[in-house]
Every structure is written in C-alpha cells, then in structure tokens.
Amino acid sequence: MNAVVEFRPRDAGCGDAPVLRERGQREVFCGLTGIIWLHRKIQDAFFLVVGSRTCAHLVQSAAGVMIFAEPRFATAIIDDRDLAGLADANEELDRVVGRLLDRRPDIKLLFLVGSCPSEVIKLDLHRAAERLDGIHRGRTRVLNYSGSGIETTFTQGEDACLAALVPELPQAAPGAEPELLLVGTVADIVEDQFLRTFRAMGIERVAGFPPRRSTELPAVGPNTRFLLTQPFLGDTVRALEARGAQHIAAPFPFGEEGTTLWMRAAADAFRVPTTHFEQVIAPQRERARAGIARHRERLAGRSIFFFPDSQLELPLARFLARELGMRPLEVGTPYLHRQLLAQELDLLPEGTALSEGQDVERQLDRCRAARPDIVVCGLGLANPLESEGITTKWSIELVFSPTHGFDQAGDLAELFARPFNRRERLKALEGQV
Amino acid sequence: MQLTLWTYEGPPHVGAMRIATALEDVHYVLHAPQGDTYADLLFTMIERLPKRPPVTYTTFQARDLGGDTAELFKNAAREAHERFKPAAMMVGASCTAELIQDDPGGLAAALDLPIPVIPLELPSYQKKENWGAAETFYQMVRGLAGPYVPAPGTPRPVRAEGVKPSCNILGPTALGFRHRDDVREIRGLLESIGVEVRVVAPQGATAADLARLGEADFNVVLYPETAQSAANWLQRGFGQPYTKTIPIGAIATREFIAEVAALAGIDNDTAQAAGRSRAPWYSRSVDSTYLTGKRVFVFGDGTHAVAAARVAAEEFGFTVVGIGTYSREFAREVRAAAEKYGVEALITDDYLEVEARVAELQPELVLGTQMERHIAKRLGVPCAVISAPIHVQDFPARYAPQMGFEGANVLFDTWVHPLMMGLEEHLLGMFREDFEFHDGAAASHLGHGSSRPQPPQSDAPIAISEAAAGIAASSSASEPAAGEPVWANDAQKELGKIPFFVRGKARRNTERYASEHGVGLITVETLYEAKAHFGR
C-alpha cells in the first residue's frame with residue numbers, strides 16, 4: 001500500500017457501535033419513487049406500476065414537479081371491478097399492456113412494478129410478466145419487480161429493479177477476460193468519467209449497469225468483478241454473486257477519499273500498478289481537494305443530523321466528517337446493510353449515533369434536543385423544520401444530482417454549504433414565517 | 001384497470017388530508033403503509049406550509065400483515081392523541097389498508113378516547129380526492145354540529161332587532177386553488193355589505209367552530225366540490241339556506257351580492273355599491289378589441305370550468321369552442337354549460353383524451369389546469385391556469401384571488417397575459433417573413449425564455465402520441481391518402497405566411513373546403529376561397 005492513498009480510520013470508527021432500531025411512522029418514500037430516475041437512465045424501458053390512484057399520485061408528486069417531457073412510466077390503476085375477481089385483473093392487465101405497447105412500439109423492456117395493493121391482493125406479477133413476455137416476444141421483454149411500500153423504501157426500488165434485470169444479463173464466455181462492472185444508477189456524465197478513468201488505468205473491459213439501453217446489457221460470469229456505486233443494492237449483489245460475479249468491497253465514491261478508496265479497490269483487484277494508478281487519478285484528486293477546500297471553512301465544526309431516506313446517509317456522513325470536518329450527531333438510515341457498509345462504518349467517527357428505521361415523532365424530539373446546525377431530511381419535514389429555525393438540506397437532491405466521483409466532490413460539498421450560505425445572505429429575514 | 005399517465009386528482013384520503021390540514025385542532029390517524037407519507041410534501045412543498053399536516057400514518061409493513069396490524073393502528077391512535085392532544089380525531093384507511101379491512105373506526109371507538117372520533121369510509125378504488133374532501137368535511141360537520149341540530153319542525157329563531165345578519169363561508173381547504181385569497185376577498189365583500197362572517201370552514205376552523213356552524217343565518221358555499229354535501233346537511237338540519245352563485249367574474253359577483261342581499265334581508269342596491277371591478281371597463285375599452293372571438297378551450301374542476309367559460313364568453317368576448325371537467329360529480333353542470341355554448345362537454349379524467357381534444361380543436365387560448373398548461377405548451381397554444389390540480393406556482397406570494405371584484409381583475413390580467421398584444425398580432429400577420437417574427441418567436445412581453453416549443457418528434461412519448469398524431473395528420477398533407485386533396489407548392493408556401501397560431505386552423509379549413517368541393521389540388525386560390533367560405 002502506498003502512503004498517498006492509504007487512509008486509516010481517524011479513531012475506532014463505528015464498526016461495533018450500537019444501532020437504535022426504531023419502529024413507527026416512517027417519513028420516507030416507497031420503492032416506486034426509483035422509477036423517476038430509472039426511466040431516464042434506461043432509455044428504452046417503460047415502467048408500468050400496477051397499483052392504486054395513490055401510486056399514480058405518488059410517482060407524479062414525488063419529484064416535486066411533474067416531468068412531462070417524455071414520461072416512460074404509467075400506472076395501471078386497479079379499481080373495484082378488478083378487486084371482485086383476480087382472473088379478471090389479469091385479463092385487464094393484458095389489455096392495458098397491449099394498449100400501451102401498441103402506442104409505444106419503441107419500448108424494448110417493460111417492467112411491471114408491484115405496489116402495496118397488488119401485493120396485498122396477491123396479484124402474481126411474476127406470472128403476469130412471463131405471460132406477457134410470451135405474448136410480446138421478439139418485440140418487448142417483460143419483467144417485474146416490487147416497489148411496494150410494504151417491502152421497499154425509496155432507493156430499494158432500484159435494488160429490486162436491478163436484481164430483476166440480473167438474470168437477463170448474457171452469460172460471459174468461460175475463460176473470458178476479467179471485466180469490471182460498475183453497478184448502480186449514476187448520472188451519465190459521472191459514469192463516463194468513471195469509465196474513462198478505469199480505462200486510463202488499463203482496465204479496458206469496464207461497463208456500467210444498468211445500461212442506457214436495454215439492448216446493451218453487459219455479460220456477466222465468474223470473471224466479472226463488480227463495484228457498487230450505490231450502497232442500497234443488497235439484492236442486486238446477491239443476484240450478481242449467484243451468477244458467479246465477485247463483489248469488490250470498498251467504501252462508496254463520495255468525496256476525494258471515498259472515490260480514491262473505491263477506485264483503488266478495483267485497481268488492486270485488476271492488479272493495476274500502484275504508481276500507474278496514482279498517476280492516473282492524481283489530477284482528478286487534486287481537483288477534488290480544491291473543490292472541497294472551497295467549502296471547508298463554511299462547514300468545518302458544524303453539526304449535522306440525518307433523517308433516514310436513501311441509504312446514502314452513512315457514506316455522506318463519512319465524507320462530511322472526514323473531508324469537511326463536520327460533526328455527525330445522529331445518522332439515520334432506513335436500512336443498515338452492515339456487510340456492504342462495513343468499511344464506511346469503520347471510517348465514521350466514533351460516537352456517532354446510528355439509527356435504523358424510524359419513528360418520526362421520536363426522531364424529531366431527538367433532533368430538536370440535539371440542536372444540530374443542519375438537518376438532512378425529506379421534503380415533508382424540511383419546511384416545517386426551517387420554520388422552527390433549523391437549517392435543512394433536502395435529501396432527495398442528494399439522489400437526483402451528480403454527486404459521485406472526484407469531479408463532483410466539490411459539488412457535493414456545495415450542496416451542504418448552500419443552506420448555510422443562503423441563511424447568511426437572508427439573515428435579516430430570520431424568524432419570519 | 002385504467003391506464004393512467006397523469007392524474008387530475010389524488011386518492012380520497014388525500015382529500016381527507018386537505019380537510020384535516022385546513023382545520024386547526026384536528027388530527028387524522030391514517031392506516032397506511034410506508035410511502036403514503038409522500039402526501040405530506042404536497043402541503044409542505046407545493047403550498048409551502050410551515051407545519052406538517054396533522055396526520056399520523058401507521059406505516060405497516062409486509063411482515064405485519066400476518067400479525068396484528070389492528071394493534072398497530074390502536075397504538076398509533078393512542079400515541080397521536082397523547083402527543084398532539086387534538087380536540088377531535090379523524091380515523092380512516094388509505095387504499096392498501098382498505099384491503100386488509102381492519103376497521104379503523106371500530107378500533108378507535110374501542111380506545112374510548114375522551115374526544116370526538118369521526119370514522120371516515122373513503123372507498124379508494126371507486127372515488128377520488130375531491131369526493132374524499134367533500135365526504136370528510138360532511139362527516140366532520142355532521143359529527144361535531146350534529147348534537148346541536150334542533151328537533152325536526154323547530155322553526156329557525158328570528159334574528160333579534162339590531163343583530164347583524166350572519167353567515168359561514170364553506171369550502172376552502174388546504175391545497176385549494178387560490179382559496180387563501182378568495183376567502184379574504186369574499187369575507188371583505190360580505191363584511192362591507194353588512195354581513196357578519198361567523199365561521200370560515202374548514203380552512204382555519206376549530207372543532208368548536210364546526211360545532212357552532214348552525215348559529216349563522218345562512219351559508220356561503222364557495223367551492224361546491226368540497227362543501228356541497230355539508231351545506232345540504234346544514235340546510236336540512238338547521239334550516240340554513242346557502243348561496244348557489246359562485247362569485248367568479250364581475251357579473252357573477254354582482255349576482256352573488258344580490259343572492260346574499262336576499263338571504264340576509266339587506267337592500268340590494270346599497271350592497272351593490274360596495275365595490276366594483278376594473279375588468280369590465282378594461283374589456284370594453286377599444287384596446288381589447290383584438291380579444292373578440294378568440295377561440296378558447298376550458299377544462300378544470302366543475303365549478304371553475306363553468307365559471308371560466310361564462311367569464312370568457314360574457315366578459316372577454318371569447319368564443320368557447322370546448323369545455324370539460326375531470327369531476328364526474330359535476331358532469332351535469334358542465335354539460336348544461338356546454339349546451340349553452342353549442343359544444344359537446346368532455347367529461348374525463350384521462351389526460352390523453354384532453355390532449356387529443358385540444359389538438360383537434362386548435363384553440364387560440366386554453367383555460368385549464370397545470371395539466372393543460374403542459375398540453376398547451378407542447379402544442380404552442382397560450383394557456384392560463386384556472387383550476388386545481390395545482391403546482392407551486394398556484395400559490396403566488398402576492399394577493400391573487402379568483403373571486404369577487406379583485407378576482408375579476410386578476411382574471412383579466414392573467415388570461416390576457418399569455419396572448420399576443422393587439423397590434424403586435426397585426427404586425428405579425430402583415431410581415432410574416434420578417435426574420436424576428438419567425439414561428440419560434442413568442443409575444444414580445446413574454447421574453448426569450450418562452451419561445452414556442454418544437455412540435456413532438458416521431459419518437460414522441462405516449463402522453464403526446466395522440467396529439468402528435470393530430471399534428472401529423474395536418475403536417476404530412478403533402479403525402480395524403482388516396483382521394484384527399486393535395487397541396488400545390490405555391491399554396492403550401494402561402495400557408496407558411498399565416499401566423500403559426502392560426503395556421504393549423506387555416507390548413508384544416510382549407511382541406512375541409514377542398515374535400516367538400518371536390519377540389520383535388522389546393523392552390524393559392526383555394527386557400528382564399530376557403531378563407532372567404534369560413535370567414536367569421
């Protein structure tokens with residue numbers, strides 16, 4: 001190991017820290033919300049939620065705006081006639097899908113997305129997808145996954161979607177050259193940066209998953225090694241491992257340190273010489289450091305409290321603590337995947353309170369008592385907290401903005417600096433609601 | 001099953017949330033899975049409310065379904081009561097909880113809480129948001145004012161000498177389209193003509209206020225979508241009449257004042273002198289001549305659509321070429337209005353149908369919801385928003401009512417704004433080939449940011465494919481089906497000189513004229529023959 005890229009946890013870390021497990025009202029989205037970015041990422045895929053009017057209303061409201069440009073998602077709204085008999089509901093679904101594909105012959109991949117109502121009435125969307133796949137074979141592939149709130153929280157919808165897509169990946173030839181797969185949706189520009197950097201290291205065979213078109217699915221096999229770009233992909237990891245692929249454990253590529261460690265893990269797995277690795281990333285690391293330094297003064301020493309939302313909370317808290325000198329008070333996450341986050345936990349400052357799940361009223365009590373300088377929370381809580389005089393950062397923006405990698409590290413820091421910046425500028429308005 | 005891209009209304013429990021959030025000291029315990037809390041952001045982000053909606057969600061998960069979701073509900077209701085200490089509680093189920101049939105009403109009753117608990121039965125798989133709001137408001141009013149209903153046949157006590165006539169204002173909710181400003185405007189109007197406003201409900205009312213609704217002489221119903229059923233019940237129970245006129249537009253405001261004067265027993269002439277709107281004179285002034293006969297398409301909730309169509313016809317001099325609503329509950333009223341304008345009403349909550357109708361009618365102005373704003377933007381038609389569903393833009397910082405005299409002024413400004421100004425429109429018609437008057441140029445006062453969007457591409461998304469088909473039908477005329485008239489090159493060029501916002505109509509009319517008159521080749525002459533034939 002080279003001293004330049006080696007980081008040791010500042011102290012003992014949070015590897016063995018106790019976790020407060022909460023069970024109560026959760027102020028989080030369900031997995032259907034992932035459709036909002038997934039349908040933009042996979043450009044020939046369509047997402048058909050089989051659910052209620054609530055599901056349709058959620059998907060259209062979740063982004064805070066209605067995205068009218070090219071919606072490749074819709075809801076088949078179950079009504080009381082469907083509830084009267086299940087056979088009928090299947091026929092209805094066939095009719096709706098037929099109508100949809102007639103209108104959109106360009107769709108190559110259709111996801112039937114399960115919801116709370118479809119799960120509760122036990123509408124078997126797996127069988128429905130198989131049946132519809134047979135009907136539309138050769139034109140449109142039909143798959144299913146569940147984004148229901150009774151099973152998935154927010155970003156877990158992407159995990160369920162990708163896990164459903166893994167069996168579709170072509171089998172890599174035995175004895176194929178080792179290939180690196182970057183797993184998880186990131187902005188196209190970020191993905192391109194990553195691909196460029198890995199190729200510059202000499203890892204020529206590198207691809208992203210999910211692909212931008214369903215016809216460009218990467219092959220997978222025992223010679224596939226994969227890095228996660230996102231921490232919420234536990235089921236996808238299992239599905240890829242079942243195909244023989246090997247997971248490269250690493251912290252997540254947020255910040256200069258996180259991105260370096262993440263890339264280094266892949267470089268080691270592909271036996272990239274250390275000096276070459278360092279040479280390749282040196283200019284990017286320098287840019288990342290400079291980008292982060294600009295916001296350090298505003299953020300250093302400030303305390304931060306995370307409400308659970310996207311499962312990005314731990315990596316983000318680690319980045320803010322180690323690279324910007326912030327003090328995480330409580331880091332809440334909807335689900336703590338200890339194995340995938342083992343290295344993140346080690347890097348998190350000791351003494352950080354961790355919580356999993358939510359009882360929003362109790363967490364608000366703890367938050368008010370802790371008096372953090374900034375709170376990361378969902379859209380339902382942000383304005384009410386601001387009106388109490390608490391500075392907030394909407395968590396959804398952290399999912400919807402390019403934040404990964406070296407060249408976005410400064411932007412990521414800026415997302416946290418902006419609320420402070422704004423508060424300073426608007427100081428004269430303090431206390432006015 | 002219905003294929004839905006965009007919904008005009010949320011589920012009925014969101015309607016109940018709009019009532020709960022409007023009320024001051026009421027809490028709603030909703031049996032619902034994780035994810036249904038998305039609805040909070042409608043209030044905190046779109047309406048920018050500085051507080052959370054007073055709603056507790058039980059948040060059951062898949063693993064609870066085999067166990068005791070009923071116990072989960074009881075704990076949530078008990079804890080919500082302890083924490084928030086509401087004066088009354090609403091309990092109900094969202095769509096998923098409706099399927100598991102836990103009976104929130106029965107469970108809450110078993111808790112024996114020391115406050116009124118009103119159970120809500122809102123069938124999620126049949127009904128929608130506005131119905132849910134109306135049903136909730138009705139149940140709340142019945143539940144809280146019910147104990148004060150006099151014995152049947154008891155005459156209403158006569159108002160004592162020297163006591164002002166009084167009314168309640170019913171209907172305004174959280175997330176309502178301009179409800180905040182309408183209430184201020186109408187309240188001011190009522191007070192200025194000597195009518196005391198006792199309770200505004202649900203917006204701003206306490207549970208105790210709902211209990212004393214029966215005390216006022218009559219009710220003013222501003223939004224029948226939410227208040228009609230409650231007003232009917234109050235009329236039956238307390239003998240309180242209610243107003244039927246919706247004061248949108250200067251004319252309807254005058255009629256509203258007359259109706260109120262009659263109910264309050266005050267002199268109408270004196271009342272009418274209480275205020276005036278600038279809009280009627282602005283509309284009559286010669287500067288507005290260019291508005292004459294502009295073809296408008298109107299779509300919204302029943303009340304706003306009917307009112308907007310009337311204002312468009314009688315106060316702007318527009319021609320209503322289409323009217324519709326997504327509120328099936330108000331289909332009858334909208335059909336009656338449509339008959340008045342000689343058009344067929346469009347009663348649908350299918351966004352694609354509305355889009356197809358707009359594409360087909362090619363109006364010069366759309367008065368619709370945020371949905372129609374998007375449709376109009378895509379089709380290059382000016383649009384003003386007149387109704388929910390709403391958007392953060394529909395909660396302007398400034399005072400902008402739709403109702404009353406000031407509301408009429410607001411309508412005048414906001415409907416005229418998206419149009420080309422009078423002389424600009426003429427110049428554009430005269431000098432079509434001026435490089436600054438190209439098709440992409442928007443009205444000069446709308447700036448560069450609002451240039452006309454390109455028509456949909458061939459890989460158009462499903463939401464616009466019908467509209468795209470409509471456009472394709474008119475723009476691909478150079479390759480017509482057998483038997484259809486063909487455009488000569490010079491005629492095609494001449495057509496290009498017609499401003500884009502009327503070009504579609506000119507093309508349609510010319511082709512129709514050619515077909516009807518057996519003209520196979522459309523020449524410049526045919527174009528002008530058709531213009532003369534259809535000229536207004």
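**Entry 1: the contact between chains A and B**

I looked up how many residues each chain brings to the contact in this predicted model. Chain A supplies 57 residues and chain B supplies 48 residues. I then listed the elements of chain A that give two or more residues to the side touching chain B: α2 (53–62), β3 (73–77), α3 (80–84), α4 (86–103), α5 and α15 (379–387). Of these, α2(A) gives the most, with eight residues. I also sorted that side of chain A by class and noted 27 nonpolar, 14 polar and 16 charged residues.

**Entry 2: strands across the contact**

I followed β3(A) next. β3(A) is joined by three bridges to strand β1 of chain B, residues 2–4. The two strands run antiparallel. Which residue of β1(B) is the bridge partner of Ala76(A)? I found Leu3(B) in that place.

I turned to backbone angles. Most residues other than glycine have a negative phi.

I located Lys122(A) in the loop between α5 (116–120) and α6 (125–135) of chain A. Is Lys122(A) buried or exposed? I put Lys122(A) down as exposed because 8 C-beta neighbours lie inside 10 Å, and the cut-off for exposed is 12 or fewer.

I placed Arg271(A) in the loop between α10 (255–269) and α11 (274–299) of chain A.

**Entry 3: cis peptide bonds in chain B**

I went on to peptide bonds. Most peptide bonds are trans. In chain B I recorded a cis bond from Ala201(B) to Pro202(B) and another between Ala388(B) and Pro389(B).

For the bond from Ala201(B) to Pro202(B), I read omega as near 0°. Where does Pro202(B) sit? I found Pro202(B) in the loop between β7 (196–201) and α9 (207–211) of chain B.

For the bond joining Ala388(B) and Pro389(B), omega is about 5°. I traced Pro389(B) to the loop between β13 (383–385) and α18 (404–416) of chain B.

Methods
Residues are numbered from 1 along each chain as its sequence is written. Chains are lettered from A and ligands numbered from 1 in the order in which they are written. This is a predicted model: local features need pLDDT of at least 70, side-chain atom pairs count only at pLDDT 80 or more; totals for chains, interfaces and linings use all residues. Helices (H or I, at least four residues) and strands (E, at least two) are DSSP runs, numbered from the N terminus. A residue is buried if 20 or more other C-beta atoms lie within 10 Å of its own, exposed if 12 or fewer, and partly exposed in between; C-beta atoms are placed from the backbone. Two residues are in contact if their C-beta atoms, placed from the backbone, lie within 7 Å. Ala, Val, Leu, Ile, Met, Phe, Trp, Tyr, Cys and Pro count as nonpolar, Asp, Glu, Lys and Arg as charged, and the others, Gly among them, as polar. Two strands pair if DSSP finds at least two bridges between them.
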